[in-house]
Amino acid sequence: MQNNIIWEGLNDESIENCNVLTNDDGYEVNSTISVCLEDNICNIEYHLKTNKNWESQYCKITNCYDIENKTLELQRLPGNKWMINGSEDPEYNGFDGLDISVTPFTNTLIVNRRQLREEESINMRIIYIDPLKMQCEPIAVRYTKLSESEFEYENLTSGFNVVLDVDDDGLVINYPRLFKMLQ
């Protein structure tokens, strides 16, 4: 299966062209996001690999804004440890996954990975990635399944929360005030 999705960023004047490919090992995602920054266009590319359970295994993010492209690379190691830019980072030992700030796609990973029943919640520790600053930080999140097509996302670290509308594939259709699926 191959799925091509286009999201519009409502807050930051962005457009994302995301391609999700199903393979024997899981899922492979290639995406390009064009963001308007200070009247200039910044292109951010990410390549993400998951296993069949939608658990992130590898992520490479490239920020093409400056003359020199900046790259951030994350890889899950055995024992749920994480390597960032080639070095194991003990701060993220035991973390459940990734959240890339400039895309709604990483919400799909949790929605599809955790087969929650209605009104059931899951708390997780996530590596939050800001590709504009090329920085990672630890956050705690909670996802609650409200219905087959609605999930509440709560960032327990910042206090931010929102109800996400998803399609049958767990892809975000509407992320109020931030993202809207166009295709």
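Modeller: For linings, Ala, Val, Leu, Ile, Met, Phe, Trp, Tyr, Cys and Pro count as nonpolar, Asp, Glu, Lys and Arg as charged, and the others, Gly among them, as polar. This is a predicted model, in which local features need pLDDT of at least 70 and side-chain atom pairs count only at pLDDT 80 or more, while totals for chains, interfaces and linings use all residues. Residues are numbered from 1 along each chain as its sequence is written, and side-chain values use heavy atoms, with hydrogens and water left out.

Biologist: How does the lining of the second largest pocket divide?

Modeller: Its residues split into four nonpolar, four polar and five charged. A pocket here is an open set of points on a 1 Å grid over the protein atoms alone, with protein on both sides within 12 Å along at least five of seven lines, and lining residues have an atom within 4 Å of a point.

Biologist: Which residues lie nearest the centre of that second pocket?

Modeller: Val111, Asn112, Lys145, Glu148 and Phe151, out of 13 lining residues. The pocket holds about 190 Å³ of space, where volume is the space filled by probe spheres set on grid points joined across faces, edges and corners.

Biologist: And what is the volume of the largest pocket?

Modeller: About 390 Å³. The largest pocket has 21 lining residues, and Ser101, Val102, Tyr128, Tyr175 and Leu178 lie nearest its centre. Its lining consists of 11 nonpolar, six polar and four charged residues.

Biologist: Which strands supply at least two residues each to that lining?

Modeller: β9 (97-100), β10 (121-130), β11 (135-147) and β12 (150-155). Strands (E, at least two residues) and helices (H or I, at least four) are DSSP runs, numbered from the N terminus.

Biologist: How many cavities of 30 Å³ or more does the search find?

Modeller: One, and about 40 Å³ of space lies in that largest cavity. A cavity differs from a pocket in that a 1.4 Å probe fits but cannot get out. Leu98, Asp99, Thr106, Ile110, Ile126, Val141, Tyr143 and Tyr153 line the cavity, and β9, α1 and β11 each give two or more of them. By type, the cavity lining has six nonpolar residues, one polar and one charged.

Biologist: Is α1 mostly covered or uncovered?

Modeller: Helix α1 (residues 105-113) is mostly covered, with nine of its nine residues buried. Buried means under 20% relative accessible area, exposed over 50%, and partly exposed in between (1.4 Å probe, protein chains only). Phe105, Thr106 and Ile110 are among the buried residues of α1.

Biologist: Which residues touch the most other members of the largest nonpolar core?

Modeller: Tyr46 and Phe105, in a core of 46 residues. Such a core is a set of buried Ala, Val, Leu, Ile, Met, Phe, Trp, Tyr and Cys residues joined through side-chain atoms within 4.5 Å. Leaving out residues up to four places away in sequence, Tyr46 touches, among others, Cys18, Val29, Ile33, Ile61, Ile100 and Phe105, contact being heavy atoms within 4.5 Å.

Biologist: Last one. Where does Thr157 lie?

Modeller: In the loop between β12 and β13 (161-166). Thr157 is partly exposed, with a relative accessible area of 48%. Apart from neighbours within four places in sequence, Thr157 is in contact with Ile139 and Ala140. Its C-alpha atom is separated by 25 Å from that of Asn85, 72 residues apart along the chain.
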